[in-house]
Amino acid sequence: MTQSPATPLPPPKKRRRLRESRSLTQAQVAARVGVARETVHAWEGGAALTPAQAFDALYAYCAPALVRQAYLLTGRRELARESVERAFQLAWQRWPEVARDRDPAGWVRATTYEYALSPWHRFRRRHRQPEPPPADASARALLDVLLELPPPYRRTLVLYDGVGLDLPETAAETEASTPATANRLLHAREAIAARLPALADPEELHWRLADLASTERLGAARPTAVRTGGERRTRLWTRAAIASTVALMATTALTLRTVPTHYEPPVPRGEAVRGVPPRVAPGPLSQGELELRERLRKATASGPAKLRPAPR
């Protein structure tokens with residue numbers, strides 16, 4: 001298998017300018033994603049935010065980057081967007097817990113990764129079809145190597161070399177020990193370097209991952225649509241739970257009404273009695289029996305009206 005030549009990286013000064021151009025303020029990111037104007041003003045002014053405004057601010061700050069990270073984990077654009085939306089819908093359902101969390105962005109990121117790497121997606125019909133690969137040859141080669149890694153190795157690599165977390169934070173988010181996380185990271189880097197020697201340098205790998213995620217058009221939904229979609233899903237699940245409870249109660253009531261109130265022992269199975277001749281159907285009468293029957297009929301017709309016992 002021939003390896004495609006990797007495109008050269010920009011010089012350090014150009015990289016610095018590129019990084020500065022990408023480091024937008026939170027308000028700018030919120031405005032680009034579509035947060036309400038009063039939310040941006042309240043965020044910039046440091047005013048107290050309502051739960052909806054705080055959720056929209058967190059979504060605006062985290063959603064675009066999370067969609068790109070989920071794409072590195074799955075290689076599927078629609079699944080990446082769906083993972084982020086489901087994670088934020090769950091965050092909105094548990095907003096008091098998420099708002100008091102020490103790292104709300106980390107909470108949503110961990111939920112996004114869990115949903116994106118769920119093994120149940122392979123049973124879905126639309127995920128059985130292959131996704132169109134990236135147009136760039138080097139990006140396509142890197143994505144192929146990433147998707148060949150085991151999910152825990154892929155997640156560790158994206159968190160450490162893509163997001164930029166340190167080793168203890170990566171270990172905590174992946175729920176693994178620090179030595180196990182280090183081994184996963186080393187094995188993932190070795191697998192990538194074996195296929196793409198130009199990415200043996202961690203700095204080169206970091207920039208390749210950033211370029212791969214940024215070259216794809218991965219837009220996030222509006223925060224209002226995510227909130228309303230989560231509320232609609234919650235209402236549907238609540239109605240389904242209520243309907244199931246009512247059906248269970250009705251079934252229980254019907255069972256209690258129709259169940260017998262006392263114990264009835266089962267009828268034992270019949271057993272054959274030995275020594276008794278089997279019953280047979282009567283056959284035709286003989287000539288003597290016919291004569292006897294005729295004589296008895298005549299005697300009964302001409303005899304006394306009432307039979308009386310014979311005196312002793």
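## Terms and model

A residue is called buried when its relative accessible area is under 20%, exposed when over 50%, and partly exposed in between (1.4 Å probe, protein chains only). By this rule E173 is buried, and so is R109.

This is a predicted model, in which local features need pLDDT of at least 70, side-chain atom pairs count only at pLDDT 80 or more, and totals for chains, interfaces and linings use all residues. Residues are numbered from 1 along each chain as its sequence is written, and side-chain values use heavy atoms, with hydrogens and water left out.

## Salt bridges

The whole structure contains 6 salt bridges, each defined as a side-chain nitrogen of Lys or Arg within 4 Å of a carboxyl oxygen of Asp or Glu.

One of them joins E173 to R109, with the closest N and O atoms 2.8 Å apart. Because E173 belongs to helix α10 (residues 167-173) and R109 to helix α7 (residues 104-116), the pair ties together parts 64 residues apart in sequence. Helices here are DSSP runs of H or I with at least four residues, numbered from the N terminus.

E114 and R155 form a salt bridge at 2.8 Å, N to O. This pair links E114 in helix α7 with R155 in helix α9 (residues 151-163), 41 residues apart. E114 is partly exposed at 46% relative accessible area, while R155 is buried at 8%.

R189 and D161 also meet in a salt bridge, at 2.7 Å, N to O. R189 lies in helix α11 (residues 178-195) and D161 in helix α9, 28 residues apart. R189 is partly exposed at 22%; D161 is buried at 5%.

Definitions and conventions
Helix = DSSP H or I, 4+ residues; strand = E, 2+ residues; numbered from the N terminus.
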